[in-house]
Amino acid sequence: MKLPIVAYGDPILKKKAVDISSDYPDLSNLIADMFETMYNANGVGLAAPQVGRSIRLFVIDISDKEEPGLESFKKVFINAQVLGEDGTLWDFNEGCLSIPDVREDIKRLDTVRISYYDENWKHYEETYTGIAARVIQHEYDHTEGKLFTDKLSPLRRAMIKSRLDAISRGAIKVNYKMKFPAASRKR
Ligand code: NI
């Protein structure tokens with residue numbers, strides 16, 4: 001089932017999400033719904049707060065047959081904790097399904113070490129680099145209540161403020177289902 005994606009401005013996107021236990025109700029359905037929602041919106045990652053659940057869960061699919069190492073990269077991250085970040089800062093043009101049509105160059109370190117459980121509650125501690133690290137860092141940030149727009153300079157944020165406000169009001173065209181925080185309040 002496709003779920004509505006929470007839009008920029010909703011307080012849930014600013015909240016630090018909580019760990020879940022293995023008896024979390026209907027977890028496998030939620031994970032399946034998150035993948036369906038993400039694919040429908042042409043995304044490569046989706047975090048639970050973006051579908052209205054303030055829990056430490058995100059899904060990623062950056063499978064790319066042309067890219068060595070990423071031929072099959074579809075993963076579920078539960079109760080993830082970043083253990084460290086390393087390497088060199090690099091720019092990548094990031095977008096977010098909660099912030100449609102806004103893309104900005106964001107600097108992050110290129111290596112991330114992360115502890116997490118998969119959908120079968122198997123525990124991992126792994127190191128990722130490059131695109132995989134980038135998508136993990138972005139989705140992980142959602143579970144920490146952070147958005148890529150938080151990393152922009154004050155000037156850059158001021159420049160896109162009216163676009164962000166329009167997203168919060170629902171005054172945008174988007175081809176997937178969203179939940180807009182200010183839309184109901186203003187009318
Ligand atoms: Ni995002």
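**Group meeting: a chain with a nickel site**

Okay, so this chain has four helices and seven strands (DSSP runs, H or I of at least four residues for helices, E of at least two for strands, numbered from the N terminus). It's a predicted model, where local features need pLDDT of at least 70 and side-chain atom pairs count only at pLDDT 80 or more, while totals for chains, interfaces and linings use all residues. Residues are numbered from 1 along each chain as its sequence is written, and side-chain values use heavy atoms, with hydrogens and water left out.

From the N terminus, the order goes β-α-β-β-β-β-β-α-α-β-α.

Now, the nickel ion. Which residues coordinate it? Cys 96 through SG, plus His 138 and His 142 through NE2, at 2.1 to 2.3 Å. Donors here are N, O and S atoms within 2.8 Å of the metal (3.2 Å for Na, K and Ca), and water is not among the atoms, so sites may look incomplete. Along the chain, the donors are spaced C-x41-H-x3-H. Cys 96 sits in the loop between E4 and strand E5 (104-117), and His 142 is in helix H2 (residues 130-143), 46 residues away. Are those two buried or exposed? Both Cys 96 and His 142 are buried, meaning under 20% relative accessible area; exposed is over 50%, partly exposed is in between (1.4 Å probe, protein chains only).
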